[in-house]
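The tour goes from the whole chain to single side chains.

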Amino acid sequence: MSTLDATVSMLEAMPEDARFKVFEYTQQLFTSRKPANPFVPVSTKQVLSDLAESRHQIDDGKGLDMADALNELGKQHEFV
C-alpha cells in the first residue's frame with residue numbers, strides 16, 4: 001500500500017469532524033506566512049549525533065512503541 005493509499009484509507013475511516021480538523025490544519029499549512037520548509041539544515045555530524053542519542057534512549061528502554069506514539073499524537077491534535 002502506498003503512502004497516498006494509506007492516507008486516503010485513514011481519512012475515509014475518520015469521523016467527519018476529524019476529517020474537517022485535518023482539512024483546516026492542512027489549509028493552515030498552505031496559507032501561513034511561515035517559510036515553506038520549517039526544518040533547518042543540519043550537518044551530517046548532527047544527524048549522526050542525534051541517531052546515536054536515539055539508539056542510546058532505545059537501549060535504555062526509553063523508546064516508544066510506534067502505535068502508542070501515533071495514538072498520543074492523534075490525541076494531542078484531536079484526530080482520535
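pLDDT is the predictor's confidence in each residue, on a scale from 0 to 100. It applies here because this is a predicted model.

**Whole chain, coloured by pLDDT.** The average over the chain is 87, and 98% of the residues reach at least 70. Where pLDDT is low, the predicted coordinates should not be read in detail. Which element has the highest mean pLDDT, and which the lowest? Select residues 44-59: this is helix 3, with the highest mean, 93. Helix 4 has the lowest, 87.

**Cartoon view.** Switch to cartoon and follow the chain from the N terminus: the order of elements is α-α-α-α. That makes four helices and zero strands.

**Overall dimensions.** Zoom out and show the C-alpha trace, which spans about 40 × 35 × 25 Å along its principal axes. The radius of gyration of the chain is 17 Å, whereas a compact globule of 80 residues would have one near 12 Å.

**Surface.** How many of the 80 residues count as buried? The share is 6%.

Select F20 and F23 and display their side chains. A search of the whole structure gives one aromatic pair. In it, the ring centres of F20 and F23 lie 6.3 Å apart. The ring planes meet at 35°, so the pair is classed as tilted; the stacked class would need planes under 30 degrees apart. Both residues sit in helix 2, three positions apart, which means that about one helical turn separates F20 from F23.

Exposed would require over 50%.

Side chains of opposite charge can pair when their charged atoms come close. The side chains of K21 and E78 form a salt bridge, with 3.1 Å from N to O. Searching the whole structure finds one such bridge. Where are its two ends? K21 belongs to helix 2, while E78 lies in the segment after helix 4 (66-76). The two residues are 57 residues apart, so the bridge links distant parts of the chain. Colour K21 by accessibility to finish: its relative value is 30%, and K21 therefore counts as partly exposed.

Conventions. Residues are numbered from 1 along each chain as its sequence is written. Side-chain values use heavy atoms; hydrogens and water are left out. A salt bridge is a side-chain nitrogen of Lys or Arg within 4 Å of a carboxyl oxygen of Asp or Glu. Buried means under 20% relative accessible area, exposed over 50%, partly exposed in between (1.4 Å probe, protein chains only). Rings of Phe, Tyr and Trp (its six-membered ring) pair if their centres lie within 6.5 Å; planes under 30 degrees apart count as stacked, over 60 as edge-to-face and the rest as tilted. The radius of gyration is taken over C-alpha atoms; the globule rule is 2.2 Å times the number of residues to the power 0.38.
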